[in-house]
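Open the structure in your viewer and keep the selection tool at hand. Each stop below says what to select and what is there.

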Amino acid sequence: MRRYGKHTDEDDIRTRPGRRNTRPRTNIRPKHEDAAEGLVLTVDRGRLTCLVEDRVVMAMKARELGRKAAVVGDRVAIVGDLTGTKDSLARIVRIEERTSVLRRTADDDDPFERVVVANADQLAVVTALADPEPRPRLIDRCLVAAYAGGLEPLLVLTKSDLAPPDELLELYGHLDIPHVVTSREELQNGTAVARVREQLDGKITAFVGHSGVGKTTLVNSLVPEEQRRTTGHVNAVTGRGRHTTTSALALPLSGSDGWVIDTPGLRSFGLHHVDPSQVIHAFPDLEPGTEGCPRACSHDEPDCALDAWVAEGHADPARLYSLRRLLATRERKEGD
């Protein structure tokens, strides 16, 4: 039997390795300073298609990002195999700061917000003038989400050969939102595409709209080399189309440095995440008048200072009406 004295040789002592890795834990994460910059084009079941320089690279999120998810439009830092060859897989190690975010919730009672698109410059709200009928409340909700997320809105009205746009344009005229009116014939001969492109050049534009309004048909006309399947059927009872775009996809605008992001068709647009106080920022002519409002003013109550501001001639009454309509949208369902 071997015995040890006071001065044992520690190197001579056998130790049993632990079951777990004995490497000490650390909170220090690698900086990945040599990571390449990429743009997320689409997300499909945990796999992200990214554009790195002129190559399309498949990637997955690094574990160190935790629950932070990348979405279409995100600028990301990527390491690993960046060749873009078949079966190669890179790793997203950082999501850069976002300049704008389009968010939505399933409904107004759902606290879980979903980021639809990141870093878009404007939101193109596509709605048909007939077949299916326009849904102004859904349009209002999209506008509120755009203002809250830092995107400039754009109205694209389709199927003007079936119904005139005058009534809908009058409803939104005082919001000073740029708009484009198109017909099915103009989409076929290309004249409508040219007018829409004028609003898209040099910008990243997210397209939203409920099913059947011709959103994906318009995107296919703008980016003919990237045809997406379109809906050809609108339910005669519900007036709604069937979803054919199941995931958001970023596409480069032909002959331009702009981008088009096609998103799945909407049937609801919850605004649980929107702070109503953000909506006033979209009305610079009314915002100075809120200085006399009581604290936490909803801008739709008897003591609101905006009534006196408008009565004194500082702003058009129609603008105040538009503001209050958008604020009320936060409390209404889109089908009302």
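The model is predicted, so local features need pLDDT of at least 70 and side-chain atom pairs count only at pLDDT 80 or more, while totals for chains, interfaces and linings use all residues. Residues are numbered from 1 along each chain as its sequence is written, and side-chain values use heavy atoms, with hydrogens and water left out.

**Stop 1: the largest cavity**

Select Val 125, Val 126, Thr 127, Arg 135, Leu 138, Ile 139, Cys 142, Val 208, Gly 209, His 210 and Leu 266, which line the largest cavity. A cavity here is a set of points, on a 1 Å grid over the protein atoms alone, where a 1.4 Å probe fits but cannot get out; lining residues have an atom within 4 Å of a point. The volume of this cavity is about 50 Å³, a volume being the space filled by probe spheres set on the points, with grid points joined across faces, edges and corners. Across the whole structure, a search finds three cavities of 30 Å³ or more.

Colour the selection by element next. β8 (122-128) and α1 (136-149) each supply at least two lining residues. Helices (H or I, at least four residues) and strands (E, at least two) are DSSP runs, numbered from the N terminus. By class, the lining has seven nonpolar residues, three polar and one charged. Ala, Val, Leu, Ile, Met, Phe, Trp, Tyr, Cys and Pro count as nonpolar, Asp, Glu, Lys and Arg as charged, and the others, Gly among them, as polar.

**Stop 2: Arg 141**

Stay on helix α1 and select Arg 141. Is Arg 141 buried or exposed? Arg 141 is buried, at a relative accessible area of 1%; buried means under 20%, exposed over 50%, and partly exposed in between (1.4 Å probe, protein chains only).

**Stop 3**

Which residues lie nearest the centre of the second largest pocket? Select Val 115, Val 116, Ser 247, Ala 248 and Pro 264, which hold that place among its 18 lining residues. A pocket is an open set of grid points with protein on both sides within 12 Å along at least five of seven lines. This one contains about 340 Å³ of space. Both β6 (101-105) and β7 (113-118) give two or more residues to its lining, and β7 has the largest share, with three residues. The lining is made up of twelve nonpolar, four polar and two charged residues.

**Stop 4: salt bridges**

The whole structure has 17 salt bridges, each a side-chain nitrogen of Lys or Arg within 4 Å of a carboxyl oxygen of Asp or Glu.

Select Lys 215 and Asp 262, whose side chains form a salt bridge at 2.7 Å, N to O. The pair links distant parts of the chain, with Lys 215 in helix α5 (residues 215-222) and Asp 262 in strand β13 (residues 259-262), 47 residues apart. Lys 215 is buried at 6% relative accessibility, and Asp 262 is buried at 0%.

Go next to Glu 64 and Arg 91, where the closest N and O atoms of the salt bridge are 3.8 Å apart. Here too distant parts of the chain are linked: Glu 64 is in the loop between β3 (55-61) and β4 (75-80), and Arg 91 is in strand β5 (residues 90-95), 27 residues apart. Glu 64 is partly exposed at 32%, as is Arg 91 at 34%.

Then select Glu 53, Asp 54 and Arg 55, a network of salt bridges. Within it, Arg 55 and Glu 53 meet at 3.2 Å, N to O. Arg 55 is partly exposed at 25%, whereas Glu 53 is exposed at 63%.

**Stop 5: helix α4**

Select Ala 192, Val 193, Val 196, Arg 197 and Leu 200, the buried residues of helix α4 (residues 191-200). Look down the axis of α4: these buried residues fall within an arc of 135°, so they line one face of the helix. The arc is that of the directions from the helix axis to the C-beta atoms. Gly 202, which follows α4, has a positive phi near 75°.

**Stop 6: Ser 88**

Finish in the loop between β4 and β5 by selecting Ser 88. Ser 88 is buried at 9% relative accessibility, and its side chain reaches the backbone oxygen of Thr 85 at 2.6 Å.

Key. Polar contact = N/O pair within 3.5 Å; in protein donor to acceptor, adjacent residues only side chain to side chain.
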